[in-house]
Amino acid sequence: MLKGAKLTAHVGKALQSLPKNPYFILFPSGFLRYYGNVNSKNNGSIHETEWERLLRPFDLKELQRSFNRITPFQLCKLLELPLDVSTSMEIFQRAGAQKGYCHTFKVYYVLIKKLGEAKEFKVIDQLLLQMKEEGIVFRESLFICIMKSYGIASLPGQATRLLLDMKGVYCCEPTFKSYNVVLEILVTGNCPSVASNIFYDMLSKGISPTVYTFGVVMKAFCMVNEVDNACSLLRDMTKYGCVPNAVVYQTLIHALSKRDRVNEALKFLEEMFLMGCIPDVDTFNDVIHGLCRLNRIHEGAKLVDRMLLRGFTPNDMTYGVLMHGLCRVTQVDDAQELFNKIPGPSTVHFNILINGYVKSGRMDEAKGFLYGRMLSDGCRPDVFTFNILIHGFCKKGLVGSALELVDEMAVSGCKPNVITYTILLDGFCKKGQLEEAGHILKEMSAKGLGLNVEGYNTLIHTLCKGGKVHEALDMLGEMSSKGCKPDIFTFNTLIFGFCKVDKIEKALGLYRDMFMEGVIANSVTYNTLIHAFLRRGAIQEALKLVNDMLFRGCPLDEITYNGLIKGFCKAGAIEKGLGLFEEMIRKDLTPSNISCNILVNALSSVGKVHDALELLRDMTHRGLAPDIVSYNSLINGLCKMGRIQEAVNLFEKLQVEGIQPDAITYNTLICWHCRDGMFDDACLLLHQGVKNDIVPNDVTWYILVSNFFKRIARENKIMSYSQF
């Protein structure tokens with residue numbers, strides 16, 4: 001039994017701390033009497049508290065004696081008062097110390113509920129053990145109360161532990177009620193995987209789930225991207241006598257629409273109506289949003305019509321989603337027609353349409369819509385409205401027009417924010433107007449605005465692009481000192497910048513620093529470093545990074561493979577390059593023309609033209625069409641082997657197949673014809689190229705002129721020998 005101290009002083013203090021209006025007094029008969037507002041004109045003795053005055057008719061000593069004879073019913077009433085936890089515990093302990101007194105389940109329930117609200121879970125555990133020692137029969141309602149407290153305190157693991165201990169430790173059989181509470185706590189607490197395990201534990205123990213159970217577990221499955229398992233549960237519900245309700249269907253429709261499985265979502269929507277479940281507008285919006293993401297805009301519009309036919313009223317979200325979908329596929333005029341049908345369009349609707357005009361490059365119409373329609377309709381533009389237009393002007397290089405809009409913002413009572421200045425900063429940096437970008441930074445500083453990560457990334461990218469990598473690195477240090485956390489784009493830009501100026505060791509240092517900052521390297525990071533080492537011919541260092549890439553769970557992509565294949569081919573290890581090409585195919589990575597052309601060029605350059613032709617045939621079987629780059633490599637390979645006529649035949653075949661030769665094709669054939677002494681044929685090729693709209697470049701003229709002079713020199717030499 002828990003022991004207590006003297007009660008009177010603590011109760012006196014607690015009573016003084018209670019609100020003055022209203023209050024309760026416990027009488028010896030065991031009843032609480034309610035007292036309303038009491039206004040006493042007599043303040044009484046300076047040593048007498050207000051509560052003591054109120055309790056004067058009922059002497060404090062008498063009150064103490066009444067506590068010594070307190071019953072469980074009276075104790076429950078006291079514990080339900082808004083007393084603090086320590087006082088409540090002392091009252092509980094004092095009452096428990098009475099001779100012949102035993103706490104009831106109700107007493108423990110009231111106290112534990114209060115302790116749960118105060119998150120005193122260690123004390124609750126002690127009380128549970130005390131209840132067990134006293135032989136009190138546990139009831140499920142008590143555990144549900146504790147579990148809910150664990151849920152509110154974000155302790156889903158403790159709620160789960162208590163559920164599993166109910167039968168084994170406390171001899172209380174949990175029903176579906178306990179399981180439902182814990183399942184909800186786990187899902188709310190972002191522990192969906194544990195929720196599914198608890199559900200199957202429930203089934204294994206023969207506890208029948210309810211519709212609510214299925215709804216929560218389906219949500220858990222959807223949270224971990226196991227939508228198929230969630231859908232299969234819908235079919236299992238009938239086994240347990242459960243009929244799906246609207247919440248169950250809405251959960252599945254939301255998950256399927258979010259994952260672009262809209263056809264299945266539409267089937268469930270139809271099934272909802274057949275089952276007599278009424279969807280809400282949000283359910284329709286989920287499906288419409290999914291259709292619009294897949295560019296099935298007109299199907300989304302038809303669904304809106306069906307909503308209206310069934311008596312549903314589309315909300316702002318419905319119109320907004322459909323308008324955004326139309327704008328995304330550049331059907332801005334259709335979006336405006338829909339806009340005209342909206343009863344009382346909001347600023348968001350205006351912003352969507354203005355953004356549609358901007359994305360379509362129709363800046364004059366976007367600005368005209370702001371001033372000609374939005375303001376005339378009494379709808380006030382917000383900072384997002386102006387930022388959309390400013391971004392559009394900056395993207396077109398019209399930074400001056402963007403600055404004019406910033407001035408107009410102030411007139412409209414709209415303050416530019418960090419995003420506004422970041423857009424301007426990016427616009428000036430892309431135009432190379434760094435002085436103007438500096439003015440923007442000063443203006444931001446004067447207004448007490450600091451750069452965000454996007455702003456720093458813009459400056460770092462500009463500095464790296466100009467080769468000022470050390471200044472860019474200083475900018476990274478400034479970010480950290482000002483509490484702005486660098487992201488993957490920050491590090492990738494710096495790593496690319498240092499690799500570009502061949503300072504790979506510095507780039508590797510940044511790669512290691514990423515992990516210290518909690519930033520995870522991605523395929524761009526690894527590919528930048530791997531290609532930098534391959535350009536140096538340092539294949540082993542590149543392969544170490546490939547191993548690190550795989551170890552950290554980042555899969556090799558086509559860019560990685562192409563770099564490695566090219567590196568091995570350049571080093572003369574063509575067989576290893578071919579091996580990597582086969583590995584790509586095994587890993588279901590479809591090689592592109594770039595991958596094949598690297599190998600065709602490598603094989604052709606070492607005289608393995610037959611193997612290169614076989615690879616081209618294989619390309620065709622895989623659905624890839626060889627391009628002019630492929631054929632240029634083959635033509636050069638054939639010429640290199642002295643098989644110029646075969647190269648010419650392949651050249652003529654190109655035109656029959658509809659592949660247009662380029663300047664490189666003509667330059668290759670002209671060069672080899674000149675080398676073989678067929679200068680007239682080379683000139684004919686030049687005329688043919690000009691006739692086919694091929695403009696001779698510097699290389700073409702260099703080949704012809706240099707070989708012409710060589711020919712003249714040879715002829716003069718022959719003539720001089722003949723004279724002797």
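About 50 Å³ of space lies in the second largest cavity of this predicted model, and a search of the whole structure finds three cavities of 30 Å³ or more. The protein chain has 724 residues, of which buried residues make up 45%, and its secondary structure comes to 40 helices and two strands.

**Second largest cavity**

- Helix H38 (663–675) and helix H39 (679–691) are the elements that give two or more residues to the lining of the second largest cavity, and H38 supplies the largest share of that lining, with four residues.
- The lining of this cavity is made up of Ala663, Tyr666, Asn667, Ile670, Leu685, Leu686, Gly689, Ile694, Pro696 and Thr700.
- By residue class, the lining of the second largest cavity divides into seven nonpolar and three polar residues, with no charged residue among them.

**Largest pocket**

- The largest pocket has a volume of about 360 Å³, and of the 17 residues that line this pocket, the closest to its centre are Cys429, Leu434, Leu459, Thr462 and Leu463.
- Three helices, H24 (418–430), H25 (434–446) and H26 (453–465), each supply at least two residues of the lining of the largest pocket, and the largest share, seven residues, comes from H26.
- The lining of the largest pocket comprises seven nonpolar, six polar and four charged residues, whereas the lining of the second largest cavity has no charged residues.

**Largest nonpolar core**

- The largest nonpolar core contains 225 residues, and Leu128, Met147 and Ile390 are the members that touch the most other members.
- Helix H12 (residues 211–223) gives the largest share of this core, which amounts to eight residues.
- Because domain 1 (68–137) and domain 2 (661–723) both give residues to this core, the core lies between them.
- Methionine 147, one of the members of the core that touch the most others, is in contact with Ala159, Leu162, Leu163, Met166, Ser178, Val181, Val182 and Ile185, when residues up to four places away in sequence are not counted.
- As general background, nonpolar side chains tend to be buried together in soluble globular proteins.

**Asparagine 387**

- Asparagine 387 is found in helix H22, which covers residues 383–395.
- With a relative accessible area of 6%, asparagine 387 counts as buried, because that class takes in values under 20%.
- If residues up to four places away in sequence are not counted, asparagine 387 touches Asn417, Ile419, Thr420 and Ile423.

**Alanine 246 and contacts along the chain**

- Alanine 246 has its place in helix H14, which covers residues 246–258.
- Leaving aside neighbours within four places in sequence, alanine 246 is in contact with Met272, Cys277 and Ile278.
- Alanine 246 and methionine 275 are 29 residues apart along the chain, and their C-alpha atoms are separated by 9.2 Å.
- Across the protein chain, 58% of the contacts with a separation of 6 or more are between residues 24 or more positions apart.

Methods:
Residues numbered from 1 in each chain as written. Predicted model: local features only at pLDDT ≥ 70, side-chain atom pairs only at ≥ 80, totals over all residues. Heavy atoms only, no water. 1 Å grid on protein atoms, 1.4 Å probe; cavity = no way out; pocket = protein on both sides within 12 Å on 5 of 7 lines; lining within 4 Å. Points joined across faces, edges and corners; volume = space filled by probe spheres on them. Nonpolar A, V, L, I, M, F, W, Y, C, P; charged D, E, K, R; others polar. Buried < 20%, exposed > 50% of the residue type's maximum accessible area, 1.4 Å probe, protein only. Contact = heavy atoms within 4.5 Å. Core = buried A, V, L, I, M, F, W, Y, C linked by side-chain atoms within 4.5 Å. Domains from an automatic or database assignment.
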